[in-house]
Amino acid sequence: MSSPALALATYHQFLADENATHALAQRLAQAVQPLESSVHLYLEGDLGAGKTAFTRAFLRALGVTGRIKSPSYALLENYKVSNFNLYHLDFYRFNDPEEWVEAGFRDILEEKAVVLIEWPEKAGGLLPCPDLSLHLEYQGEGRDLTITAYSNKGQTWLNTLNQSI
């Protein structure tokens with residue numbers, strides 16, 4: 001993120017398995033709908049923590065059909081649902097924070113679109129603040145998830161998520 005942002009709200013949940021991850025992703029996707037404005041989600045966590053599993057379930061819940069590939073090698077996978085673009089980016093392979101800018105991804109963040117970025121920390125402080133930042137951590141056999149809202153939209157989505165429990 002470009003500058004330290006003030007967290008407006010946080011949400012915490014233990015995810016016992018991949019099914020729990022999928023269920024949470026589906027509930028969050030319901031909270032952000034209808035897709036009327038941009039959605040920016042940043043996903044952080046160690047390798048295998050569930051970032052891509054979460055993203056696949058989230059995109060599927062937004063209406064993506066067909067194969068949802070990991071962008072680990074391609075860096076970007078894009079999908080279209082109705083008139084809305086959905087972008088899944090993975091910065092894991094970046095060695096320099098400027099690489100995401102040089103790759104032309106800045107324009108994607110300015111679009112009215114759903115943008116999910118894995119490994120946003122690889123962009124250093126060059127990314128704008130997300131609506132939501134999701135941090136997945138190993139916790140025994142499951143995962144500990146913390147979602148932090150940095151925008152009013154993100155705070156509204158977290159409130160909706162809290163009410164859906």
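**Figure 1. Helix H2 against the sheet.** Angles between elements run from 0 to 180 degrees between N-to-C directions, with axes fitted as lines to C-alpha atoms, for helices over the stretch in contact. In this predicted model, helix H2 (residues 51-61) lies across S2, S3, strand S4 (84-90), S5 and strand S6 (132-139), and the helix runs at about 165° to S5.

Figure 2. The seven strands form an open sheet in the order S1-S7-S6-S2-S5-S4-S3, and their pairing is mixed. Strand S1 (9-15) and strand S3 (76-81) are the edge strands, each of them pairing on one side only. Direction ignored, neighbouring strands of this sheet are turned by 15° against each other on average.

**Figure 3. Strand S2 between its two partners.** Strand S2 (residues 39-45) pairs with strand S5 (residues 113-118) in the parallel sense, over five bridges. Within this pairing, His-40 has Val-115 of S5 as its bridge partner, while the bridge partner of Leu-43 in S5 is Glu-118. S2 also runs parallel to S6, to which five bridges join it, and here Gly-45 has Leu-136 of S6 as its bridge partner. S2 is mostly covered, with six of its seven residues buried.

**Figure 4. The hairpin of S6 and S7.** S6 pairs with strand S7 (residues 142-149) in the antiparallel sense, over eight bridges, and Glu-137 stands opposite Asp-144 in S7. The hairpin has two residues between the strands, and in it Gly-140 takes a positive phi near 60°.

Figure 5. Thr-148 lies in strand S7 and has a relative accessible area of 12%; because buried means under 20% relative accessible area, Thr-148 is counted as buried. Leaving aside residues up to four places away in sequence, Thr-148 touches Ala-7, Ala-9, Thr-10, Asp-131, Leu-132, Ser-133 and Leu-158.

**Figure 6. Helix H1 and its buried side.** The 15 residues of H1 should span 21 Å at 1.5 Å a residue, and the end C-alpha atoms of the helix are 21 Å apart, which agrees. The buried residues of H1 are Thr-21, Leu-24, Ala-25, Leu-28, Ala-29, Ala-31 and Val-32. They cover an arc of only 155° around the axis, which puts them on the same side of H1. An α-helix has 3.6 residues a turn, so residues three or four places apart point the same way. On the other side of H1, Asn-19 and Gln-30 are exposed. The buried residues of the helix pack against S1, S2, H2, S6, S7 and helix H5 (152-163).

Figure 7. In soluble globular proteins, nonpolar side chains tend to be buried together. The largest nonpolar core of this model has 35 residues, and those with the most contacts inside it are Leu-28, Phe-58, Leu-132, Leu-134 and Ile-147. Helix H1 (residues 18-32) gives the most to this core, with six residues. When residues up to four places away in sequence are not counted, Leu-28 touches Leu-41, Phe-54, Phe-58, Leu-132, Leu-134, Trp-157 and Leu-161.

**Figure 8. Two loop residues with a positive phi.** Most residues other than glycine have a negative phi. Ser-82 is not a glycine, yet has a positive phi of about 55°, and the place of this serine is in the loop between S3 and S4. At 68% relative accessibility, Ser-82 counts as exposed, because the term applies to residues over 50%. Trp-119, which is not a glycine either, has a positive phi of about 60° and lies in the loop between S5 and S6. Trp-119 counts as buried, at 12% relative accessibility.

Conventions:
Residues numbered from 1 in each chain as written. Predicted model: local features only at pLDDT ≥ 70, side-chain atom pairs only at ≥ 80, totals over all residues. Heavy atoms only, no water. Pairing = 2+ DSSP bridges. Helix = DSSP H or I, 4+ residues; strand = E, 2+ residues; numbered from the N terminus. Contact = heavy atoms within 4.5 Å. Core = buried A, V, L, I, M, F, W, Y, C linked by side-chain atoms within 4.5 Å. Buried < 20%, exposed > 50% of the residue type's maximum accessible area, 1.4 Å probe, protein only. Expected span 1.5 Å × (residues − 1). Arc of directions from axis to C-beta.
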